[in-house]
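Colleague: I have not seen this one before. Could you walk me through it?

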Amino acid sequence: MFCPKCGANMRDGQYCPVCGYFASGQAPSGNYYGSANNKAAVSPKNSRNKILPLLAILIAVVLAAAILVRNMTNNGTHAIKKFFHAMERQNAREMMSCVPDDFIDDLIDDYDVKKSDIKDALEKYLKTDWVSDYVETDYEPGEKVPLKILDHEKMDKEDLSDIQRDLTDVWTLSCKQFDSKKIKKAETYNIDFDNDNSYFYIVSAFQYKGNWYYYNALALVEHATRLYG
């Protein structure tokens, strides 16, 4: 006999080998798509084969977006802006995140304080006139910093060696955890604190264990701990 639906040759009482139509005109009870004779049925394996490439593409897009965001926020410019943002908000916790964890650990060991003591010291320090020393202009604690980053350039090997030495020798820290030799990249930035392009200051940022930090952030956190820790 011929299938009344597609015209293919088939036997009575069986499924059509082409379109899956049942010869009696009515499908029997049970799972239609589970029949071994039904070549038109959708295979779960085929469905997975279609989904897996789409899933792989989605994961790749998400990872690429994450890398892009990290590159945009993990650089010297962001480190400098983060420092002044913490100063404006007088946010001690944010200021602590502006320095490497290894540096915090050295402060804890050398000044015999706890991490909470450093946070308390920063809360006091950020409300004093000491912070104006880091702005190079008339500044009151808690005010918005008139900051404009003009340009920057990569440090050469000689300047990099200088900043490695300074970070070890400027303070009387033991530097048991914070190893300045692990700094492999640093940059100088021209900053205009008055936003009038009349004069700019040169500051430094460096990369340590994959993250960027503003040089003066270490000075501020150390000074606050020494005074109020």
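Colleague: Start with threonine 225: buried or exposed?

Modeller: Threonine 225 counts as buried because its relative accessibility is 2%. Buried means under 20% relative accessible area, exposed means over 50%, and partly exposed is in between (1.4 Å probe, protein chains only). This is a predicted model, in which local features need pLDDT of at least 70, side-chain atom pairs count only at pLDDT 80 or more, and totals for chains, interfaces and linings use all residues. Residues are numbered from 1 along each chain as its sequence is written, and side-chain values use heavy atoms, with hydrogens and water left out.

Colleague: Which helix is threonine 225 in, and what does threonine 225 touch?

Modeller: Threonine 225 is in helix H7, residues 215-228. Helices (H or I, at least four residues) and strands (E, at least two) are DSSP runs, numbered from the N terminus. Leaving out residues up to four places away in sequence, threonine 225 touches Leu107, Tyr111, Val113, Ile118 and Ala121. Contact means heavy atoms within 4.5 Å.

Colleague: Leu107 is on that list. Which residues of helix H4 are buried?

Modeller: In H4, residues 101-110, the buried ones are Asp102, Phe103, Ile104, Asp106 and Leu107. The buried residues of H4 pack against helix H3 (92-96), H5, strand E3 (201-208) and H7. Just after H4, aspartate 112 has a positive phi of about 50°.

Colleague: Where is glutamine 90, and what is its phi?

Modeller: Glutamine 90 sits in the loop between helix H2 (76-89) and H3. Its phi is near 50°, a positive value in a residue other than glycine. Glutamine 90 counts as partly exposed because its relative accessible area is 23%.

Colleague: And lysine 209, where is that?

Modeller: Lysine 209 is in the loop between E3 and strand E4 (211-214). Lysine 209 is not a glycine, yet its phi is positive, about 55°. Glycine 210 lies in the loop between E3 and E4, and with a relative accessible area of 33% glycine 210 is partly exposed. The C-alpha atoms of glycine 210 and isoleucine 183 are separated by 9.2 Å, and the two residues are 27 apart along the chain.

Colleague: Switching to the surface. Which residues gather in the patch of negative charge?

Modeller: Asp129, Asp133, Glu136, Asp138, Glu140, Glu143 and Asp194. Patches are made of residues with over 30% relative accessible area and no salt bridge; like charges are joined within 9 Å, and nonpolar side chains (Val, Leu, Ile, Met, Phe, Trp, Tyr) within 5 Å. A salt bridge is a side-chain nitrogen of Lys or Arg within 4 Å of a carboxyl oxygen of Asp or Glu.

Colleague: Where in the chain is aspartate 133?

Modeller: Aspartate 133 is in the loop between helix H5 (115-125) and strand E1 (148-154). Aspartate 133 is partly exposed, at 48% relative accessibility.

Colleague: What makes the nonpolar surface patch?

Modeller: Trp130, Leu227 and Tyr228 make a nonpolar patch of about 270 Å². Areas come from the Shrake-Rupley method with a 1.4 Å probe. Leucine 227 is in helix H7 and is partly exposed, with a relative accessible area of 39%.

Colleague: Last one. How many helices and strands are there in the chain?

Modeller: The chain has seven helices and four strands. From the N terminus on, the elements run α-α-α-α-α-β-α-β-β-β-α. Of the 229 residues, 36% count as buried.

Methods. Lys and Arg count as positive and Asp and Glu as negative; His and the chain ends are not counted. The place of a charge is taken as NZ of Lys, CZ of Arg, CG of Asp or CD of Glu.
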